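Here is a briefing on one protein model. Look over the sequence and structure first, then read the points below.

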Amino acid sequence: MPSKHFYITTPIYYVNDIPHIGHSYTTIAADVISRYKRMCGYDVFFCTGTDEHGQKIQRSALEKGMTAIELADKTVENFKSLWKVLNISNDDFIRTTEQRHEITVKQIFERLMSQGDIYKGTYEGWYCVPCETYVPESSMGDGKTCPDCGRPLEKMTEESYFLRISKYEKDLLDYYEHNLKSIMPRTRYNEIVSFIRGGLRDQSISRTSIKWGIPVPGDEEHVIYVWFDALINYLTVCGYPDGDFMNRYWPEARHFVGKDIIRFHCVVWPIMLIALGINPPVTVFAHGWWTFEGEKMSKSKGNVVDPFEMADLYGVDAFRYFLLREVPFGLDGDFSEMAMVQRINSDLANDLGNLLNRTLQMIKGYRENVVPSATTLEDLDLEIKTTMELTLKEVETNMDSFAFDEVLKTIWSLISRGNKYIDQTMPWKLGREGNLERLDTVLAVLYEILSVSCLLIAPFMPETAEKMWIQLGQEGKPLEQNLAEYKWGSQMKNATVNKGNILFPRIDMDKWKKEKEERDMSKGIITDPGDHEEEVEIDYFKNLEMRVAQIVSIEGIPKANKLYKIGIDLGYEKRTIVSGLKENFSEEELLGKKIIVVCNLKPAKLRGVLSNGMLLAASPKGKEELALLTPDRDIPLGSRVS
Ligand code: MSP
């Protein structure tokens, strides 16, 4: 067994929701690092799972007319099948409703209780049910809402067990001062350290108001708070308190989490561990959040990216590649299908696809598929060799800091270098001139670039790498190769290539646009409503004086095809406005209509007529249609819109 160990986890996902792009993102990233480390000879333990207790699940089950466990049993299958589709190579999958977990949680609770790190008290506070967390008054949003999700908070008072967080404040700060990489990226490290410096309060870790959870040992009125329960999953899978896995993997534990859940992972969790006499994880890496085409994803907007659909439409590997290439792992990013299609066409079909096709075509044409050996390496070849060696090193460094986008950029610059090398060496010319020795070297160098690229992309795109490996005429699987032992020239011995199907066919943009529009329409999504403005404060809106008015007169304006001069009655005064309705409405249609007018716009002259206000109308993007905004019932003229 290898002597180097590597333990990586994803958060365990709530089972009240269908899996979406956020879940896929962390899990794919954890899969990539696991596969890479395995290729580097590490003994890897990669775990994911589901978080199945708590109020959120209980409520969601109730709404669906199910019991909590029925809901969990159903949803967990969605996660498991998504991980299969996305080619996730996890070694364990934990459900917090499993017995092994319940035993571990109770054991830890009892131990912390017996050593005085858990005590009983009362808790009163504002609670956010969807986020399963109390919100301090100082961070509540307007109207007592949750600062994270914006939903209304509920006042709760309950007897509760508390974890003595405050006692360990100093230990935690000491730990972070000596372990600068224990929270990544650096901005998150700073954020957490300053949060701790602001002072820590004991954390309530039990609830009497709900039933769906692990009961507090010896006090069954209480169930253990879902976060206390959930965090322990990372130890359960290691067989805590003892056992081989604790020794092998725990010292090498790394957690990937979204930026929204780092306080639990970087404050509560390490304190639980310190109290248990266990070292905190080596690293908690907080990645950013995806928005969808500029907007926060939400079920109500219908803009949640469905990973099953993406994998089905574009292929699993393209989806995996895009997520990790498009945005640096620690930053927020925007998901757009258009951007994904562009990447598929440029990086995958063009850069990678071309290098493979051109090279294999030449080996086939000039050498009947047998890979030649290099003879004398010229300066240009030596430069490529050095680039390749540097690439391997850079990939290693960037992988170790989880800079997946940088890793991919580095691999792609080698691939681009390969394409450029073909243009520089012009193998077809060498063939024509009969310079076969040089031609052999050039083909061998190109083959070498492809072999290394194939190995390096294997953790990101396992299926593609496998197909490439077969086309390159290699035995076994790329993921079974040892990257640490890779040496220039080691792959090419007598290989016979098999030029095969195109890895990534180019996507025709016009066809794609049409198909996307149809897809969106069938889902009831209006394609690209466009024109999103910046968010504004409510006062900005309040400054607009909009009132109900009635159209009392109407006439055309000479030489203005689109404009009407409209007399309106606001109840308290009459005014004239000019509006571009002529192409859409007849005078008869408009006369007498009640409309909404912005009254405090600066007057403006249009075709010589002073317009004192603006009426409101809506039109779909890019279309000529127009609809007037009118009050839906009789209401006095001059009534204000708010
Ligand atoms: N159950 C807790 C985690 C407990 S771990 C001991 C939980 N579950 S979750 O299902 O709500 O979220 C899981 C992860 O998905 C979080 O890391 C969160 O950051 C991530 N994401 C949810 N939406 C996301 C995006 N739109 N983009 C990226 N990640 C996002 O929290």
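Two strands pair if DSSP finds at least two bridges between them. Helices (H or I, at least four residues) and strands (E, at least two) are DSSP runs, numbered from the N terminus. This is a predicted model: local features need pLDDT of at least 70, side-chain atom pairs count only at pLDDT 80 or more, and totals for chains, interfaces and linings use all residues. Residues are numbered from 1 along each chain as its sequence is written, and side-chain values use heavy atoms, leaving out hydrogens and water.

**Strands**
- Glycine 125 stands opposite methionine 156 in strand 6.
- Strand 4 (residues 118-128) and strand 6 (residues 154-163) run antiparallel, joined by 10 bridges.
- Strand 4 also pairs with strand 5 (residues 133-135), antiparallel, over three bridges.
- Tryptophan 126 has valine 135 in strand 5 as its bridge partner.
- Four residues lie between the strands in the hairpin of strand 4 and strand 5, where glutamate 132 takes a positive phi near 55 degrees.

**Helices**
- The axes of helix 13 (residues 337-367) and helix 17 (residues 436-457) come within 10 Å and cross at roughly 140 degrees. Axes are lines fitted to C-alpha atoms, for helices over the stretch in contact, and angles run from 0 to 180 degrees between N-to-C directions.
- Contact means heavy atoms within 4.5 Å. Residues of helix 13 that meet helix 17 include Leu352, Leu355 and Met362.

**Domains**
- The protein is divided into domain 1 (5-287), domain 2 (323-485) and domain 3 (538-641); the bounds come from an automatic or database domain assignment.
- The C-alpha centres of domain 1 and domain 3 lie 55 Å apart.
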